Amino acid sequence: MNAAPAAVRLRTAGPADAGAWSALHLRCLDETYRPLFGNAFADRQQAAAERTAAGDRALLADPDVRTLLAVGDDGAALGLVSAGPAPAAWEERAGVPAPPVPLQLFQLYVLRSAHGTGLGAALLESAIGPADAYLWIMAGNTRAERFYVRHDFRALAESWPAGGPWAGQHMHRMLRTGTA
């Protein structure tokens with residue numbers, strides 16, 4: 001089992017954490033995708049901040065979704081993770097083929113300053129343990145893909161166009177089975 005770095009505490013997040021969660025989520029989106037997809041893409045993400053916040057509020061209020069926030073000694077949010085029953089509502093609306101397993105990792109983000117500290121692994125372990133699960137990953141996010149491969153996920157041979165502020169990008173699922 002991976003432990004969070006010593007100065008970080010993982011705690012369950014709920015509706016009262018929506019502001020901090022969304023601020024961290026948007027910052028991580030910017031840190032992750034601006035270098036990969038450019039300023040115009042990252043600016044679209046920022047312009048869709050209220051849409052992102054609305055989705056975050058719904059996620060944090062869902063009793064079936066496990067949400068954890070990583071917080072430093074100073075109280076600053078450093079990472080987040082959410083996982084729950086599949087498929088996600090957007091998958092059903094988009095007509096995505098049925099999920100391969102009933103558990104989805106919805107989000108896992110840590111600030112760039114926390115990369116390489118073990119925080120991502122600790123969040124992943126705390127959210128889903130060794131369970132069979134899948135996730136969606138943006139094509140071109142090789143750093144994240146390498147992380148998930150180290151945690152027994154494998155890329156599925158599929159590509160799906162992203163919508164909304166993600167339009168113009170493609171994503172695919174990664175799946176982990178047989179580790180539980």
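Buried means under 20% relative accessible area, exposed means over 50%, and partly exposed is what falls in between (1.4 Å probe, protein chains only). Phe-41, at 2% relative accessibility, therefore counts as buried. This is a predicted model, so to speak a computed picture: local features need pLDDT of at least 70, side-chain atom pairs count only at pLDDT 80 or more, and totals for chains, interfaces and linings use all residues. Residues are numbered from 1 along each chain as its sequence is written, and side-chain values use heavy atoms, with hydrogens and water left out.

- Take Leu-108: leaving aside neighbours within four places in sequence, Leu-108 is in contact (heavy atoms within 4.5 Å) with Leu-80, Val-81, Gly-120, Leu-123, Leu-124, Phe-147 and Tyr-148.

**H1 against H2**

- The axes of H1 and helix H2 (residues 39-47) come within 7 Å and cross at roughly 160°; axes are lines fitted to C-alpha atoms, for helices over the stretch in contact, and angles run from 0 to 180 degrees between N-to-C directions.
- That makes H1 and H2 roughly antiparallel to each other, since angles under 35 degrees count as roughly parallel, over 145 as roughly antiparallel, 65 to 115 as roughly perpendicular and the rest as oblique.
- On the H1 side, the contact is made by Leu-26, Leu-29, Asp-30, Tyr-33, Arg-34 and Phe-37, and on the H2 side by Asn-39, Phe-41, Ala-42, Asp-43, Gln-45 and Gln-46.
- Sorted by class, these residues are six nonpolar, three polar and three charged; Ala, Val, Leu, Ile, Met, Phe, Trp, Tyr, Cys and Pro count as nonpolar, Asp, Glu, Lys and Arg as charged, and the others, Gly among them, as polar.
- Back to Phe-41, which sits in H2: beyond neighbours within four places in sequence, Phe-41 touches Tyr-33, Pro-165, Trp-166 and Gln-169.

**H1 against H3**

- H1 and helix H3 (residues 49-61) pack at about 130°, with their axes 9 Å apart, so the two helices are oblique to each other.
- Ala-18, Trp-21, Ser-22, His-25 and Leu-26 of H1 meet Ala-49, Thr-52, Ala-53, Asp-56, Arg-57, Leu-59 and Leu-60 of H3.
- This contact has seven nonpolar, three polar and two charged residues.
- His-25, part of H1, counts as buried because its relative accessibility is 7%.
- Setting aside neighbours within four places in sequence, His-25 is in contact with Thr-52, Asp-56, Leu-80, Gln-107 and Tyr-109.

- Most residues other than glycine have a negative phi, and most peptide bonds are trans.
- The peptide bond from Ala-86 to Pro-87 is cis, with omega near 0°, and Pro-87 lies in the loop between strand S3 (77-85) and helix H4 (89-94).
- Asp-152 has a positive phi, near 70°, in the loop between helix H6 (142-150) and strand S6 (154-155).
- Ala-131, in the loop between helix H5 (119-128) and strand S5 (133-138), is partly exposed because its relative accessible area is 22%.

Key: Helices (H or I, at least four residues) and strands (E, at least two) are DSSP runs, numbered from the N terminus.
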